[in-house]
Each structure stands twice: as structure tokens, then as C-alpha cells.
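Subject: Structure for you to look at

Hello,

Here is the structure I promised to pass on. Please open it alongside this note, and my findings follow below.

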Amino acid sequence: MSLRLITAGESHGPGLTCIVEGLPAGLEVTPDDLNRDLARRQLGHGRGGRMKIESDSAAVTAGLRHGRTLGSPIALQVANRDYANWEDRMNPWPVEAEVAEVHLPRPGHGFIRSSQLA
């Protein structure tokens, strides 16, 4: 069995999407299983103060039915509850507000200038 994990989502963006491929059909999964494992990330080295007060929960949008895997990819979404504070700055669509460009990388955050993508 080969597992593949794909994630998408920016820091301070609307949320994180995760796709898990390769799980066989019929495995039992509970919301407690997912949320217990999500809570483990809050204990990581170097985590800031927000990690101590925030808690995440995953919404399953595909790949499970009645608590069992279907054998197809599993899709999960974790919403960023703080996104309202970043919506103008991180919105995927143009906004009317004047938004300063981000030029300073922060430790622990991925950073690519648009000129590096070409």
C-alpha cells in the first residue's frame, strides 16, 4: 500500500485542504481520530502562543461514508477561524481595500516572490 498526502493553503488564508490517497476501502475512521491527531500538531517545537489557544477540526468532504473509507481519495478541510482578520490581505480575489504587498519573509513561512515563479 502506498499513501500520498497533498496539502494546499497559505498561512492566514481561508483554510487548509488535504487529500489522502491510497487508503483501502472499509477502514473505520471517527471524528475523534482526526481531531486527536490534529491536536498533536499544536505541541510541535517552536510553536507560538496562538497554538496554545487555537484548536482545529477537520471537515471530511469526500472519501468516507458512515465512518468508513470508500477506497477513493479522502478530502479534508480545516477552516482558519482567524481568516476574517486577514481577509483583505489574503483574499484569493481582488478586493477594494488598498493592501500593501508582503515583502518580508517570516520564520516558518514559505515565501516565493512572483518573479521567482517565472
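**The hairpin**

S1 and S2 form a hairpin with six residues between them, and glycine 9 in that turn has a positive phi of about 150°. Before I go on, a word on the basis: this is a predicted model, in which local features need pLDDT of at least 70, side-chain atom pairs count only at pLDDT 80 or more, and totals for chains, interfaces and linings use all residues. Residues are numbered from 1 along each chain as its sequence is written, and side-chain values use heavy atoms, with hydrogens and water left out.

Strands S1 (residues 4–8) and S2 (residues 15–21) run antiparallel and are joined by five bridges. In this pairing, alanine 8 stands opposite threonine 17 in S2. Two strands pair here if DSSP finds at least two bridges between them. Helices (H or I, at least four residues) and strands (E, at least two) are DSSP runs, numbered from the N terminus.

Three bridges hold the antiparallel pair S3 and S6, and alanine 62 stands opposite alanine 75 in S6.

**The whole chain**

The protein chain has four helices and six strands, and from the N terminus on they run β-β-α-α-β-β-β-β-α-α. Of its 118 residues, 12% count as buried, meaning under 20% relative accessible area with a 1.4 Å probe, protein chains only.

Threonine 69 lies in strand S5 (residues 68–69). Why does threonine 69 count as buried? Because its relative accessibility is 5%. Leaving aside neighbours within four places in sequence, threonine 69 is in contact (heavy atoms within 4.5 Å) with residues including Leu23, Pro24, Val29, Leu64 and Ile74.

Aspartate 82 sits in the loop between strand S6 (74–79) and helix H3 (87–90). Aspartate 82 also counts as buried, because its relative accessibility is 16%. Its side chain makes a polar contact of 3.2 Å with the side chain of tryptophan 86; the term covers a pair of N or O atoms within 3.5 Å, where within protein one must be able to donate a hydrogen and the other to accept it, and residues adjacent in sequence count only if both atoms are side-chain atoms.

Best wishes

Technical notes:
Buried means under 20% relative accessible area, exposed over 50%, partly exposed in between (1.4 Å probe, protein chains only).
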